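Hello,

Here is the structure for you to look through. Please open it alongside this message.

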Amino acid sequence: MPTLYDRGQKGRRALALPELTQPEEDLLRHIPEAMRRKSPPRLPEVSQPELVRHYTALSRLNYGVDTGFYPLGSCTMKYNPKLHEDLARLPGFTQLHPLLPEEEVQGALAVLWELSEYLKGIAGLPGVSLQPAAGAHGELTGMFLIKRYFEDRGELPRRHKILLPDSAHGTNPASAAMAGFRVVALPSDRRGLVDLEALKRNLDEEVAGIMLTVPNTLGLFEEDILEITRLVHEAGGLCYFDGANLNAFLGRARPGDMGADIFHFNLHKTFSTPHGGGGPGAGPIAVSAPLLPYLPVPEIVKEGETFRLNYDKPKTIGRVHPYFGNFLVMVRALAYILTLGDAGMREVSAAAVLAANYLRVRLKGTYKLPYDRLCKHEFVLSGEGLAEGIRTLDIAKRLIDYGFHPPTIYFPLIVREALMIEPTETEPKEVLDAFVEAMLKIAEEARTQPELLKGAPQRAPVKRLDEARAARQPVLRYPFPEG
Amino acid sequence: MVPKELRYTKEHEWVRLEDGRARVGITHHAQKSLGDIVYVELPPPGRVAKKGERVATVESVKAVGEVFSPLSGKVVEVNPAVAASPDLINKDPYGQGWLFALEVADAREVEALLSPEAYEELLKGGG
Amino acid sequence: MNPYIPHTERDIEAMLRAVGLPDVEALFSDIPEEVRRRFRPLGLPPRDEIWVSRYIAGLAERSTGRRLIPFLGAGLYDHYVPPLVGHILARSEFYTAYTPYQAEISQGTLTWMFEFQTMVCELTGLEVANASMYDGATALSEAVYMARRATGGSTVLVPKSLHPHVREVLATYAWAAGLRLVDVPYDEAGQIQLGEIPADTCALIVQEPNFFGVIEDLSGLKERLGKAFLIVYVNPIALGVLEPPGKFGADVVVGEGQVLGLPLSFGGPLLGLFATRMEHLRRMPGRISGRTVDAEGKEGYVMALQTREQHIRREEATSNICTNSALCALAATVYLGALGPEGLRRIALLSMERAHALAARVFALPGFRPAFRGPFLYEFAVACADAQASVERLRRHGIAVAGPALLRKCGVDNAFLVAVTEKRTPEELELFVRALAGKE
């Protein structure tokens, strides 16, 4: 695929810009000689139609939720309502500078405050910060809060360990380590859940907390959740809940009622804001009462009908975002919550969990299902043993030929050749059935025509790409012709 | 694919003993489970490593293999060829794909290394 | 009720039958009964699309600040965003896609990432860039973490002229990592005065132009730092006319990319830029697209060097970052593609032209003088007897500037900050001068 650098001609323009009213040299004199740019950056030079056609062509090489079924486990690729896109483009939001005085931005503060209140209610926890810009940023903020909490209580550096189930998302250990904690892995038991005995063995005075994903990355609900959080609290630790999988129990259960001290939301998963090809998302956190004093500043407070920013929090961890977080993402999430109401949210979890279980039972006879029990919004198959020499990667690439986005593969790490499938609530049954048919057909092909899998994808813009070459001889920017 | 003249570790490293020195690499099994190796990080020559200490990293596209020093000693030589062409480890794990050589500090540690037979047993056990 | 769920009663029955459960509630039997019993709803009824649309639009209307003329910058700037950027971002193949894990059906995203990386390298004068970080402040914090890993030092030299909010974010990250922040003062010109460099310094940060709008001279800094990192926090529009920091030996360049085709958006989403030298590639956080070939030798792109990232290296990853500001980076790519080298330079110069014209008139008024003597591009600090009163007077005339509270955080008393972009008209400049002079 040509890049924009391969298009256009020197001197072409895409925009009509105002002219300068004085010679460039006169303006450039304001810049000290040493700091004046000597040669311009090499940027493409294209006409507007060329530019638009280039990106239109690029867009057609992509697969989005609007293209088709996207059962990417752990990512909750549900439909992104179009109304929200328009609302997030309202000039009353987009043209607002975050450093304007409070009284000039009451509408925006109302959005933040309302969303905070709803998120508190959904989490069943008394405090919220909207600043984290993504799930992993929410995790990091949560780790910072845990650190501050123990610092304030004089329990640092003793409490320096974070317990993590071996099924955790990679962001969890990375976030804990970034905040300076040592990660201790907890094995899963035969049910695929936290091994209570292992937990007890590891709970000591050095434990700052545990990071749990509920339901876990196998799509299984931690049935012992109350016991787990009780044990951790008894040992003086705090409980962090990764909220990536909230779609599984939205409108039915609250992390606060399970013993969570910190819970992060992924607005770009559960609350239908688009993922943008890798962001921006938003990762607000909700916290329990003991952590309230440490939340980031500013806090949005309501006094009568007026919203105000409160910076008076002497024990705060400080800012984790230069302003208020990913505001336009929050506008979309607020619209979603208002549209659904309680009943609609309850339907989300019902439909998401039903769809996942439906796919699970229909696929389990053909594919290995290492943990065969009621799942929540997702489940994990193994591509192992389908046929000699066939790997999960081959199955995934063959699904592309059938017009589907592949599931998450090779995660969680505790299942070999994992295929992690999350249908979400927004797919019609016909689509789920078509996906099942494709998966069954692929299993048959694996035995009868393995070359179809090994050579897949055939119906994509490119054939299978050589990732080893990209790593051995990295080409990470446009190779300009010499001279 | 377990040469008889070498010794092994549970972490899938091989050791070739050459009068007072130990040449180290990763086994055929290890390179196979990593897949196409794309990057190798070697210890600086002169570094003194303890047995079991992490001294090198071997990366494929989607996995990272840590190499632990099978013996205590000083790194006296590293293989510049694998740094430039990491795929040598895939092509010839016991030959051109060697990683580094140590000056053995404690000969008794050699006794604790696995024999080819013991390593084969380990592989059969799925380990 | 939920308009986004397509399942009919019949569908639900058929699926329940296949699963072997009597009703939907049975799907949740694994959640402890006690937890389910404690559940309390929000008390929210479902709403129709027209209601939601009106309600949210009402909130948008409620912020009066939108009607103020923005001479307010202080890190985020009101540059012209060509509508073509929005049109391309609205293509749902871009915005409804996930991270490009499946390269063969993500060539659109991976190609523009590669273009973006190239453009950031060109602007900064460095060799490799990622795509992307959340915002400039967290990009800077990650750069400091990287500097510590590379050098082992734990002292960070931070100018008093760094954006105070950026500094506050950095302070949070630094506290957690046990890093020590040491102030670097500024002189009368508003430029950094680098004193002695402590032995365990891992990085010096320089903002370019700095929070006061003043151009810093980067010459000779890296030479004084030795192995400690020179981290430059940039406004990328300024790099249309300023020498790239890479030329001065910068190890990392980070910056706030909002100015590259993104609206102000009440401060989010933003776009964190991050570029470094090849020697630090494996310590770099964030997603990178790399060029390769497919099974038939055709050129294509994949996510490169993923072994740095959290999903593979877990607690030893270079960062925890996963979701970033991808779509904002696409906006920046389209914006820079539309401007080209001449256009980018023009935007910087147009802003300068207007800013310097305004500054000349403001400083000709009695009682107003430049807070700093140093050279500036398109933002400048105005000192006067009662800055708050001046700011209020401007606001009564429908003009917004950055008030004295922010500058006070940097140790500057009684001053306010004025930014002028290419969007400001001669009439607006005139209004500004008249308002400030107290003429009604």
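Below are notes on one helix and on the aromatic rings. Keep in mind that this is a predicted model.

Helix α9 of chain A spans residues 225–234, and its buried residues are Ile225(A), Ile228(A), Thr229(A), Leu231(A) and Val232(A). They sit on the same side of α9(A), because they cover an arc of only 160° around the axis. What do these buried residues pack against? Their partners in chain A are α8 (196–202), β4 (207–213), β5 (238–242) and α10 (255–258). After α9(A) comes Gly236(A), with a positive phi near 90°.

Now the rings. Over all chains there are 35 aromatic pairs. One of them joins Phe221(A) and Phe249(A), edge-to-face, at 6.3 Å centre to centre with 85° between the planes. Phe221(A) is in the loop between β4 and α9 of chain A, while Phe249(A) is in the loop between β5 and α10 of chain A, 28 residues apart. Both Phe221(A) and Phe249(A) are buried.

The pair of Tyr8(B) and Tyr119(B) is stacked, because the ring centres are 4.6 Å apart and the planes are at 5°. Tyr8(B) belongs to strand β1 (residues 7–8) of chain B and Tyr119(B) to helix α5 (residues 116–124) of chain B, so the pair ties together parts 111 residues apart in sequence. Tyr8(B) counts as buried, at 0% relative accessibility, and Tyr119(B) is buried with a relative accessible area of 1%.

One aromatic cluster is formed by Tyr79(A), Phe263(A), Phe265(A), Phe271(A), Tyr336(A) and Tyr4(C).

Finally, two arginines: Arg282(C) lies over the face of Tyr39(B), 3.1 Å from the ring centre, and Arg424(C) over the face of Phe71(C), 5.9 Å from the ring centre.

Regards

Key
Residues numbered from 1 in each chain as written. Chains lettered and ligands numbered in written order. Predicted model: local features only at pLDDT ≥ 70, side-chain atom pairs only at ≥ 80, totals over all residues. Heavy atoms only, no water. Buried < 20%, exposed > 50% of the residue type's maximum accessible area, 1.4 Å probe, protein only. Helix = DSSP H or I, 4+ residues; strand = E, 2+ residues; numbered from the N terminus. Arc of directions from axis to C-beta. Contact = heavy atoms within 4.5 Å. Phe/Tyr/Trp six-rings, centres within 6.5 Å; stacked < 30°, edge-to-face > 60°. Lys NZ or Arg CZ within 6 Å of the ring centre and 35° of its normal.
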